[in-house]
Amino acid sequence: MSILVIAEHDKAQLRGATLNAVAAAQKIGGDVHVLVMGQGVQAVADQAAKLAGVGKVLLADGPALAESLAENVAAQVLAVAQGYGHIVFAATAEGKNVAPRVAAKLDVAQISDIVAVESPDTFQRPIYAGNAIATVQSADAVKVITVRTTAFDPVAAEGGQASVEAVDAVADSGLSSFVGREVAKSDRPELAGAAVVVSGGRGMGSADNFKLLEPLADKLGAALGASRAAVDAGYAPNDWQVGQTGKIVAPQLYIAVGISGAIQHLAGMKDSKVIVAINKDAEAPIFSVADYGLVGDLFQVVPELTKSL
Amino acid sequence: MKVLVPVKRVVDYNVKVRVKSDQSGVDIANVKMSMNPFDEIAVEEATRLKEKSVATEIVAVSCGIAQCQETLRTAMAIGADRSILVQTDAELQPLAVAKLLKAVVDKEQPQLVILGKQAIDDDANQTGQMLAALLDWPQATFASKVEVSGDTATVTREIDGGLETVSLKLPAIVTTDLRLNEPRYVTLPNIMKAKKKPLDTTTPEELGVDAAPRLKTLKVAEPPARSAGVMVADVAALVDKLKNEAKVI
């Protein structure tokens with residue numbers, strides 16, 4: 001049986017999450033095809049064709065797919081779904097938006113946010129904010145899956161030579177329309193894919209104080225993150241939030257500054273390779289997951305750390 | 001306009017759950033249960049729509065065991081006018097819940113259904129999208145702002161890297177993100193009033209829905225534990241460890 005991976009892109013570039021999703025598909029085993037949807041996205045399809053291990057790229061190019069509206073995108077996936085045993089999405093905002101819509105139309109369960117493939121019908125996924133790992137088996141004819149990207153190493157972006165096959169694009173559903181998008185501009189690495197993440201919590205005290213983390217992040221080439229408390233307090237933008245309800249990250253190095261370490265935050269970062277916690281409260285739960293803990297005032301420690309790097 | 005708000009009874013978000021020693025699941029006996037936090041936001045949003053005279057009636061729905069009545073009473077204390085409990089002792093997975101909700105929607109004919117984006121127990125993030133698919137309605141997931149005028153809803157959504165605004169033709173499905181609103185505290189007088197509001201009970205059989213689970217849980221295990229870390233005395237020691245021991249900088 002073939003596996004269909006749904007590609008994500010920003011209209012010009014394939015997103016990194018797609019490389020992780022292809023890697024998960026390869027673990028399932030079978031011929032891996034990639035579906036690229038959008039308007040004027042031939043270049044993205046060409047990138048997908050170069051991914052290592054991809055057998056074929058399907059390109060659906062049409063105006064209804066220009067802004068990734070869930071109704072149209074799900075219809076497009078269903079239009080080409082025939083014959084695939086697995087339909088694989090990255091567990092990003094986009095993948096989570098569309099995958100259940102596809103699953104319900106196929107009358108199958110969806111398996112969310114898998115972190116391991118045990119066999120083509122058995123998968124591991126975290127539940128209760130990552131406090132338990134469930135192993136689930138699907139008896140459905142088609143498995144609709146979203147993949148936790150940090151749990152699978154990305155496939156190589158070069159080396160493949162798949163053919164690109166155009167498929168008919170669906171017409172607009174007329175149910176919804178795109179109004180606008182505000183994308184936060186940043187020169188830093190993308191949070192979900194960064195090798196180093198520096199995160200601040202409520203302990204930062206203010207949005208101005210958050211700037212204290214910038215020189216440290218610059219020195220380390222790190223992405224900036226935040227706890228929910230910091231986001232709710234308005235110290236940092238929403239899309240910096242790391243946690244069960246924000247982004248799940250697993251960098252090489254995660255530096256938590258002024259973050260107590262609530263369950264919901266740990267769910268988003270406890271798979272990081274090395275965790276450093278800087279907090280003035282020696283009893284903070286963050287120290288129970290930190291490889292290196294430093295009890296101290298962040299307003300002294302962070303500048304000192306920046307200087308010594 | 002009638003608004004339907006599905007709510008789920010889950011282990012309270014402050015509770016750290018324990019995996020049962022036989023790996024059959026997590027131990028939720030004698031654990032504090034509450035309304036799923038995202039669902040509270042959904043009820044609050046519906047209530048605000050009613051306060052703005054956009055919504056005329058709010059119906060809360062829950063699927064599960066008899067104790068879900070408490071969750072529905074909470075929804076009515078926040079602002080729902082009446083409730084429906086789809087009562088069953090069987091395990092319910094998102095697809096089954098979406099089918100049960102579709103049956104309720106077919107009966108109640110709401111113009112808007114507001115759900116939480118995910119439940120904090122199974123972390124599935126599926127039910128709203130599945131319900132939209134079964135009804136062939138438009139969806140706006142992860143909403144941080146909802147405006148309804150005439151027969152359209154304009155919804156700002158939280159996406160990776162920023163915000164996106166879409167316009168939906170009603171009837172429609174919205175799922176809530178954390179930033180949508182701050183749910184109000186329920187007051188004692190409102191809890192008393194909620195006890196008098198109507199709560200109807202039905203079953204999957206009466207709704208004609210096959211709610212059998214599709215996924216079989218083979219086992220539930222503890223996540224791999226992290227090895228105990230060390231405390232360092234100062235910044236110099238920290239930098240030394242990161243450079244020479246962990247080799248990450």
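Predicted model: local features only at pLDDT ≥ 70, side-chain atom pairs only at ≥ 80, totals over all residues.
Two strands pair if DSSP finds at least two bridges between them. Residues are numbered from 1 along each chain as its sequence is written, chains are lettered from A and ligands numbered from 1 in the order in which they are written, and side-chain values use heavy atoms, with hydrogens and water left out.

**The sheet of chain A**

- β4(A) and strand β9 (residues 143-147) of chain A run parallel and are joined by 5 bridges; strands (E, at least two residues) and helices (H or I, at least four) are DSSP runs, numbered from the N terminus.
- Within this pair, A:V88 stands opposite A:I145 of β9(A).
- In chain A, 7 strands make an open sheet with parallel pairing, in the order β5-β9-β4-β1-β2-β3-β10.
- β5 and β10 (163-167) of chain A stand at the edges with a single partner strand each, so one side of each has no neighbour in the sheet.
- From one strand to the next, the twist averages 25°.

**A helix across the sheet**

- Helix α1 (residues 16-28) of chain A lies across β1 (2-6), β2, β4 and β9 of chain A, and runs at about 150° to β4(A).
- Angles run from 0 to 180 degrees between N-to-C directions, and axes are lines fitted to C-alpha atoms, for helices over the stretch in contact (heavy atoms within 4.5 Å).

**Cavities**

- The structure holds 4 cavities of 30 Å³ or more.
- A cavity is a set of points, on a 1 Å grid over the protein atoms alone, where a 1.4 Å probe fits but cannot get out; lining residues have an atom within 4 Å of a point.
- Grid points are joined across faces, edges and corners, and a volume is the space filled by probe spheres set on the points.
- The largest cavity contains about 180 Å³ of space.
- It is lined by 18 residues, and A:D113, A:R148, A:Q244, B:Q118 and B:D123 are the closest to its centre.
- β5(A) supplies the largest share of that lining, 3 residues.
- The second largest cavity has a volume of about 140 Å³.
- Its lining has 14 residues, with A:I6, A:A7, A:M37, A:V73 and A:E94 the closest to its centre.
- α4(A) gives the most to the lining of the second largest cavity, with 3 residues.

Terms used: 1 Å grid on protein atoms, 1.4 Å probe; cavity = no way out; pocket = protein on both sides within 12 Å on 5 of 7 lines; lining within 4 Å.
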